[in-house]
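Hello,

Here is the structure I promised to pass on. Have a look at it first, and then read on for what turned up.

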Amino acid sequence: MARLFEYQGKELLKECGIPVPRGRLAGTPAEAREVAAELGKPVAIKAQAWVTGRAEAGGIKFADSPGEAAMHAEAILGLQLKGFRVEKVLVEEKLDVAEQFYAGVIVSDQYRSPVMMFSTMGGTGIEEIARAHPDKVWRLPVDIFTGLREHEARNLVRRAGIRGKLQAKLVQVLVKLYRLARKVEARSLEINPLVLDRSGEIYAADCRVTVDDNAVFRHPELGIEIAREFDRPATPLEKIAYKVEEKDYRGTFYFLQLETQYEDEGYIGFHGGGGGGSMMAMDALMRAGFKLANFCDTSGNPPASKVYRAAKIILSQPKLEGYFHSGSGVASQEQYHTARGMVKAFREVNLSIPAVIRIGGNSEEEAIRVLTEYTRDLPGKVEAYGRDVPVEYCVKRLKELIAENKTRKAVS
């Protein structure tokens, strides 16, 4: 899933008629001061990051003056929130809260449909509310052909014991929220909290939007750079990898960078071929004491060109001591396509680290021949094995080859 920042979600809410607090984005303390002065009232300064628990981590502060807003913005900008570096803050008017609610649309595997959820206990994560107060969360599976109709939304709010003008306002919010979720093809769209202020107005004080990654190409207006679910900004390599996958649906290519600091030794470039086989190989590598610089999977019959690009991206990471690939052994295509892709990458970078390839599937013998014959003259030794060779043995060989490589470099 692809996530939107809070300010992006609020722009969507505003466009569909759901009120949001006045405010705008700021990238410097001076800009935060300017926005606060324009609003002319106490403000909230909110870190824009794809994480929960921002307030507890110091990512949300309140200010009574433009000077105080600038001070808080300076403290928040550059803050690391669960690995996410804050580069922007949302400066918006502070609401005079009377009541808080939760409203959300979530595509549910359990119900196999979108589910509208409503609670009278906003401000806390819906999972926590559901665990502690299951009687305060109301759910309604929505028919995708009819959408959420007003009388259904009214019945949902009525179940919470809400009547009168407030009921009417909440019903309109729920109906508009569902329509927006369908419009942007969201996997989840939540307003938490949905605030009733002391003047009797309803506002979306915070929101969280995740969009189905398979639908992102239909929504260029959302400005989503990479359709992956991260709790941090995507790295440059992850962005490059996504561009490879974005318009090439031949097989799967997924790349996730697990390390960016490389403070220790023992990092391996990991290349899997199939989910189950990848997990098994990763476990074996970590049991052997290796650290994984990345996770990468090319499966589902990728062409040689896609495997080549994956290998090049993996090998562009610094301080790798080895390269390890393990396929699932059940791919339906001829495995020499994968072998050709890796050989091209190895030769282009003049591979200087050991690589062990466990490649299983149709024509695996030919794949092993290609990997062996066309890498003989490379500085880094390449060994290829078939599906009958245990992954533990392949990991053992990688460890031995890395030790040999280090000894050879020390001697030379």
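In this predicted model, four strands make up an open sheet, ordered β2-β7-β3-β4, with antiparallel pairing. Strands here are DSSP runs of E with at least two residues, helices are runs of H or I with at least four, and both are numbered from the N terminus; two strands pair if DSSP finds at least two bridges between them. Because β2 (23–26) and β4 (60–63) each have a single partner strand, they stand at the edges, and one side of each has no neighbour in the sheet. On average, neighbouring strands are turned by 20° against each other, direction ignored.

Within the sheet, β3 (residues 43–47) and β7 (residues 89–93) run antiparallel and are joined by five bridges. Isoleucine 45 has valine 91 in β7 as its bridge partner.

Helix α1 (residues 6–15) lies across β2, β3 and β7, at about 45° to β7. Helix α3 (residues 66–76) lies across β3, β4 and β7, at about 165° to β4. Angles run from 0 to 180 degrees between N-to-C directions, with axes fitted to C-alpha atoms, for helices over the stretch in contact.

A note on the numbers: residues are counted from 1 along each chain as its sequence is written. Local features need pLDDT of at least 70 and side-chain atom pairs 80 or more, while totals for chains, interfaces and linings use all residues, and side-chain values use heavy atoms, leaving out hydrogens and water.

Best wishes

Conventions: Contact = heavy atoms within 4.5 Å.
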